[in-house]
Amino acid sequence: MPKYTNITIKHLPDSHEGLKDAHEVRFKVFIDEQKYPADTELDEFDDIAEHWVAYGDTVDGKTVPIGTIRLVPKPGPLAKLTRLAVLSDARGLYVGQLLVKTLVDYAKEKKFKTVMLHSQYDKRFFYFKQGFVIEKGDDETFLDTGTPHVRLWMRNIC
């Protein structure tokens, strides 16, 4: 039996309501699990970003945050996907795919033409399955907080 059922995605528009839940997931994934320094997790983009949190019901009936994603608007019709995180015990339930689809659908609705992201290199195949690509000439890896990353693109979304 899955640990979580009744998975829902909640958009946190124009407020900090629920941001505590997003931060909780991000800290568990990026700091506790992946060992990034705590001082790198919160940044100036939280205030301007659109945030979504995935919730799941536990076997004892509690609804808890299990995933998060954010969209940072960039100059031009460009949206940057950042801070996708899913709790380790919620992986395999398609939470990450649901969050990416939700963000891309929102970007289309808001008339962004392109979504880009900096993927941890070993996570790039997840994004390939969601329709992102590495563009020719933009295929060099780079370090972000000591971890190899690669730039991925989804163009002409609307």
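Which helices and strands each supply at least two residues of the lining of the largest pocket? This is a predicted model, and the answer runs through several elements: α1 (19-33), β3 (63-74), β4 (78-86), α2 (95-109), β5 (114-120) and α3.

## The largest pocket

Let's start with the pocket itself. Its volume comes out at about 880 Å³, and 38 residues line it. If you want to look at the middle, go to Phe30, Arg83, Leu84, Gln120 and Tyr127, the lining residues that lie nearest the centre.

β4 is the top contributor to the lining, giving seven residues. Sorted by class, the lining of the largest pocket has 17 nonpolar residues, eleven polar ones and ten charged ones.

Two numbers do the work here: a pair of aromatic rings is described by the distance of the centres and the angle of the planes. Searching the whole structure turns up five aromatic pairs. One of them is Phe125 with Phe128, an edge-to-face pair at 5.4 Å centre to centre and 90 degrees between the planes. Both residues belong to helix α3 (residues 124-129), where they sit three residues apart, about one turn of the helix. Phe125 has a relative accessible area of 46%, so it is partly exposed; Phe128, at 31%, also counts as partly exposed.

Phe126 and Tyr127 make another edge-to-face pair, with 5.0 Å centre to centre and 80 degrees between the planes. Their surroundings are worth a look. Tyr127 is buried, because its relative accessible area of 8% is under the 20% cut-off. Phe126 is partly exposed at 25%. Together with Phe132, Phe126 and Tyr127 form one aromatic cluster. Tyr127 also turns up among the residues nearest the centre of the largest pocket.

## Charges over rings

A couple of arginines sit over aromatic faces. Arg124 lies over the face of Tyr121, 3.7 Å from the ring centre. Over at Trp153, the charged end of Arg155 sits above the ring, 4.2 Å from its centre.

## Salt bridges

Side chains of opposite charge can pair when their charged atoms come close. In this model there are 14 salt bridges. Take Lys3 and Asp89, whose side chains meet at 3.0 Å, N to O. Lys3 is in the segment before β1 (5-12) and Asp89 is in the loop between β4 and α2, so this pair ties together parts that are 86 residues apart in sequence. Lys3 is partly exposed at 46% relative accessibility, and Asp89 is partly exposed at 32%.

Lys28 and Glu24 form a salt bridge at 3.3 Å, N to O. Both lie in helix α1, four residues apart, about one turn of the helix. Lys28 counts as partly exposed at 37%, as does Glu24 at 32%. Then there's Arg151 and Asp138, in a salt bridge at 2.8 Å, N to O. That pair links distant parts of the chain, with Arg151 in strand β7 (residues 147-154) and Asp138 in the loop between α3 and β6 (142-144), 13 residues apart.

Finally, Arg26, Glu41, Asp43, Asp46, Arg70 and Arg83 are linked in a network of salt bridges. Arg83 is also one of the residues nearest the centre of the largest pocket.

Methods: Residues numbered from 1 in each chain as written. Predicted model: local features only at pLDDT ≥ 70, side-chain atom pairs only at ≥ 80, totals over all residues. Heavy atoms only, no water. Phe/Tyr/Trp six-rings, centres within 6.5 Å; stacked < 30°, edge-to-face > 60°. Buried < 20%, exposed > 50% of the residue type's maximum accessible area, 1.4 Å probe, protein only. Lys NZ or Arg CZ within 6 Å of the ring centre and 35° of its normal. 1 Å grid on protein atoms, 1.4 Å probe; cavity = no way out; pocket = protein on both sides within 12 Å on 5 of 7 lines; lining within 4 Å. Points joined across faces, edges and corners; volume = space filled by probe spheres on them. Nonpolar A, V, L, I, M, F, W, Y, C, P; charged D, E, K, R; others polar. Salt bridge = Lys/Arg side-chain N within 4 Å of Asp/Glu carboxyl O.
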